[in-house]
Amino acid sequence: MEQQEAAPMARNRKVVLREYITGRPPREDDMVLVDGGTVALRVPEGAAPAPAVLVKNLYLSCDPYMRGRMRDFHGSYIPPFQPGSVIEGLGVARVVDSTHPGFSAGDIVSGMTGWEEYSLIDRPQQLSKIQQSDIPLSYHLGLLGMPGFTAYAGFYEICSPKKGEFVFVSAASGAVGQIVGQLAKLHGCYVVGSAGTNQKVELLKDKFGFDAAFNYKEEPDLTAALKRFFPEGIDIYFENVGGPMLDAVLLNMRTHGRIAVCGMVSQNALADPVGIHNIYCLVPKRIRMQGFIQSDHLHMFPQFVSDMAKHYRDGKIVYVEDMSIGLENAPAAFVGLFSGKNVGKQVVCVSQE
């Protein structure tokens with residue numbers, strides 16, 4: 001029997017969760033970079049009951065929803081991380097070895113992977129192949145990935161926009177908000193965004209083409225600020241923050257307005273979340289307020305990729321990402337999401353090979 005040639009070996013550093021956290025934002029020391037030892041660059045025999053794929057991670061996505069996986073809570077749509085185990089998230093990777101017939105060494109893929117240099121994917125059916133093109137690979141974690149699709153599905157499916165409507169987007173310079181605003185402008189809407197720094201406000205107006213924008217930290221009265229920007233009221237609110245902003249929006253909504261609840265980043269770290277005082281506005285104004293996650297709308301994904309790639313190539317959509325270099329900088333990059341440190345979509349480059 002011919003002996004199989006020995007597989008090449010490599011060191012595998014990884015970022016693991018130290019312990020569950022509650023009642024506060026994540027800190028860098030909640031995660032630790034460890035030496036995962038040496039790994040053979042081949043899918044090990046009998047490693048999984050079904051075919052598997054070994055990948056080298058190139059880019060990792062930092063997303064606010066991951067904060068929810070750092071607590072000991074099992075009532076969400078996605079289970080928590082395990083203390084002492086590698087952090088998981090969306091990534092772009094290169095296939096090193098595969099026992100799955102749909103993937104070959106050298107393929108570029110996107111999907112759920114580990115925060116480590118090499119990952120063994122035991123459910124490769126959840127991976128998607130990426131056809132390399134003029135669009136940067138990292139954009140498949142943003143513009144052409146989950147945040148972009150969240151913006152697309154949320155705006156078109158949940159918001160049901162009409163030309164000429166008044167649209168407000170909170171956290172508007174982030175990975176999702178920047179795309180929502182640009183889609184709304186392409187649809188013929190009037191668009192205002194809020195952000196937490198003057199630099200981000202200028203970005204919204206000068207780069208993303210919002211009609212107006214404001215720094216919420218400089219507005220002592222959010223209700224009055226929204227009245228100033230929307231004297232006739234708001235038709236569509238794309239909700240990313242929750243808290244006092246949502247309360248102010250409810251008072252400024254128009255009759256039959258729509259609120260797409262994508263996230264509430266201001267409430268993510270609170271052990272005792274802040275309640276909403278103006279929820280009764282839903283009744284007299286007949287407002288439709290709906291939470292959603294992008295995975296409920298996957299039937300739209302092929303059209304989304306086609307539309308978004310065309311918009312990007314035609315110069316109708318621009319995209320900004322904030323790239324951190326090196327796996328060792330992933331914890332700081334992730335933590336920065338919750339203080340507004342990032343400008344645009346936060347991505348970590350693990351390797352460009």
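A helix crossing is left-handed if the near helix is turned anticlockwise from the far one by less than a right angle, and right-handed if clockwise. The model shown is predicted: local features need pLDDT of at least 70, side-chain atom pairs count only at pLDDT 80 or more, and totals for chains, interfaces and linings use all residues. Residues are numbered from 1 along each chain as its sequence is written, and side-chain values use heavy atoms, without hydrogens and water.

**View 1. Helices H1 and H2 cross in a right-handed sense.** H1 spans residues 146-158 and H2 residues 177-186. Their axes are 8 Å apart, at an angle of about 45°. From H1, Gly148, Ala151, Tyr152, Phe155 and Tyr156 meet Ile179, Val180, Leu183 and Ala184 of H2 (contact: heavy atoms within 4.5 Å).

**View 2. Tyrosine 139 and tyrosine 319 form an edge-to-face pair.** Rings of Phe, Tyr and Trp (its six-membered ring) pair if their centres lie within 6.5 Å; planes under 30 degrees apart are stacked, over 60 edge-to-face, the rest tilted. Here the centres are 5.4 Å apart, with 70° between the planes. Tyrosine 139 sits in the loop between strand E7 (128-129) and H1, tyrosine 319 in the loop between helix H6 (301-313) and strand E14 (321-325), so the pair ties together parts 180 residues apart in sequence. Both tyrosine 139 and tyrosine 319 are buried (under 20% relative accessible area; exposed is over 50%, partly exposed in between; 1.4 Å probe, protein chains only).

**View 3. Phenylalanine 149 and phenylalanine 301 also pair edge-to-face.** The centre-to-centre distance is 5.1 Å, with 80° between the planes. Phenylalanine 149 is buried at 0% relative accessibility. Phenylalanine 301 is partly exposed at 30%.

Technical notes
Axes fitted to C-alpha atoms, helices over the stretch in contact; angles between N-to-C directions. Helix = DSSP H or I, 4+ residues; strand = E, 2+ residues; numbered from the N terminus.
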